[in-house]
Amino acid sequence: MAYRTHNCNELTFENLGQRVSLAGWVDTVRDHGGVAFIDLRDEYGVTQVVVNDGTLIDHLRKESVISVEGTVVKRDEETVNKKIATGELEVRVEKLTVLSACTENLPFEISDSKETREEVRLTYRFLDLRNKLVHDNILFRTKVIAFLRNKMTELGFTEITTPILTCSSPEGARDYIIPSRKHEGKFYALPQAPQQFKQLLMVSGFDRYFQIAPCFRDEDARADRSPGEFYQLDFEMAFATQEDVFAVGEKVLYDTFAEFGGGKKVSPAPFRRIPFEEAMLRYGTDKPDLRNPLIIEDLTDFFSKVDFKAFKGRPTRGIVVPNGAKQSKGWFEKITQFAFDIGMKGLGYITVLDDGSYKGPIDKFLSPEQRTELKEMLGLKTDDTLFFICDTPKRVNDFAGQIRTELANRLDLIDKDRFELCYITDFPMFEKDENGNLAFTHNPFSMPQGEMDALLNEDPLKIKAYQYDIVCNGVELSSGAVRNHRPDVMVKAFEMAGYDEETVKEKFGALYNAFHYGAPPHAGMAPGIDRMIMLLLGEENIREVIAFPMNSNAQDMLIGSPSEVTEMQLRETHIKLRRPVPEK
């Protein structure tokens, strides 16, 4: 290569005495009165180069790009750096060329960029990405994606890309819409997922499809969700049941987490299957962290027999904390304050004393028989603390789940050295929306359990769907489903959710039409790659594993997106804003 014979991590004792060329960024410059030591950095590592001619480094600033030619020599014993691969060697420079000078003051030290305010990091993302920790995250992501591709190919899946410009459809999140220049008043939409296309591929006779799919949803950011776009390992299988999909998911995800998880224990296949209702009751969420050993107990029936007005006739949950009585008074005060902070009206609890009696204000409402029943039902032991959560049916599980998580965090009960994966199954097909109307709970393309018979004869709110999520350490990695491949069942399901057959034809015409030409039963899922990599790297924020992420306000601070466009561009796409756009 014209600029270098070696990368900055490649030199070994076999290169002693050889003339070599290196190129990279100036990481540090140390001028020792006529002799300068430069740490030269490229993507692969760091090599120290020594410059004896001071004129070669006149005005040389950190982060300038240079190339050097010189001879490989051993470092003096006292200057050996065991922390880098080339730490026992250095290059005595005979020629130094500045390929591109850094002429601006750095907004932050590259090595400290992760400690810099996020807005500044993202504005200078090209500098932030030079930080080895950040840079290595992106390289790690590349390796994981390559591994996933190879694994899917080994399992007989065919990679097929699907369109980015598509049509808007009601899939649960806001669409990004794009005006059409050629078709006035009409819009494309960026796909929230390749849902319809992958189902059409199954109808087209492809047996096993996958892609590393870009998905676009106009959603607010969270720590585990990037606004705008994300990527998922999207796959679909013809003539497949829910268990067939689970088997593929277990193989791919177990192997991926075992390969890249840094030696952490991974839950073996088969992963636990937890029905949605059980997850909400026992964990207070449909995204349970199974590393947390605390379990939520349903005490509603028990308190229906207790003369305590605050709990009587209302959903009540309990969480047993072993040896909780040994915690300090301040510890209990902080837990109680947390309950207030999340909107609870209070957090009751009792503790078990040495003689088997209870301590706490609720104890006085319990009869001797009820005290015994509670102890036997929950296996209470001396020094255990039982926390009570009571609220409305809509809020009690969520509150109990948050208290469960907070208790585990404060007691350091969560094992950070393992990945616990599970499937959440049997989601309800329908729910009531804020107006009291029937609506799809999640994916409208799911097959209802019981198919047409269930839609015709069961209470809609009791119908379960062949729909499932995969969860790891409390993070939802994927949704999936057995698809509704029958047009009559599809039309009936949408009719129940408020869409007549004409609307189905209009919104989902391709699927509706294709299903009349023979469609195989099919199913699939789509684990989120960004979240998977975030978990594998132990990062708290998903933006740490994306090369050019938006900020939490859905802005690309580096490129300046979203941006204004010219009046001419608006006219070409038949758009008129309610406020004038300045000409550029």
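Predicted model: local features only at pLDDT ≥ 70, side-chain atom pairs only at ≥ 80, totals over all residues.
1. Numbering starts from 1 along each chain as its sequence is written, and side-chain values use heavy atoms, with hydrogens and water left out.

2. The sheet is open and antiparallel, with five strands in the order β13-β14-β17-β15-β16. Strands (E, at least two residues) and helices (H or I, at least four) are DSSP runs numbered from the N terminus, and two strands pair if DSSP finds at least two bridges between them. β13 (296–298) and β16 (358–359) sit at the edges with a single partner strand each, so one side of each has no neighbour in the sheet.

3. Thr 351 has Lys 359 of β16 as its bridge partner.

4. Now the helices: α8 (residues 329–341) packs on α10 at about 150°, axes 11 Å apart. Axes are lines fitted to C-alpha atoms, for helices over the stretch in contact, and angles run from 0 to 180 degrees between N-to-C directions. The two helices are therefore roughly antiparallel (angles over 145 degrees).

5. Who touches whom? Trp 331, Lys 334, Ile 335, Phe 338 and Ala 339 of α8 meet Gln 402, Ile 403, Glu 406, Leu 407 and Arg 410 of α10, contact meaning heavy atoms within 4.5 Å.

Note on methods: Parallel < 35°, antiparallel > 145°, perpendicular 65-115°, else oblique.
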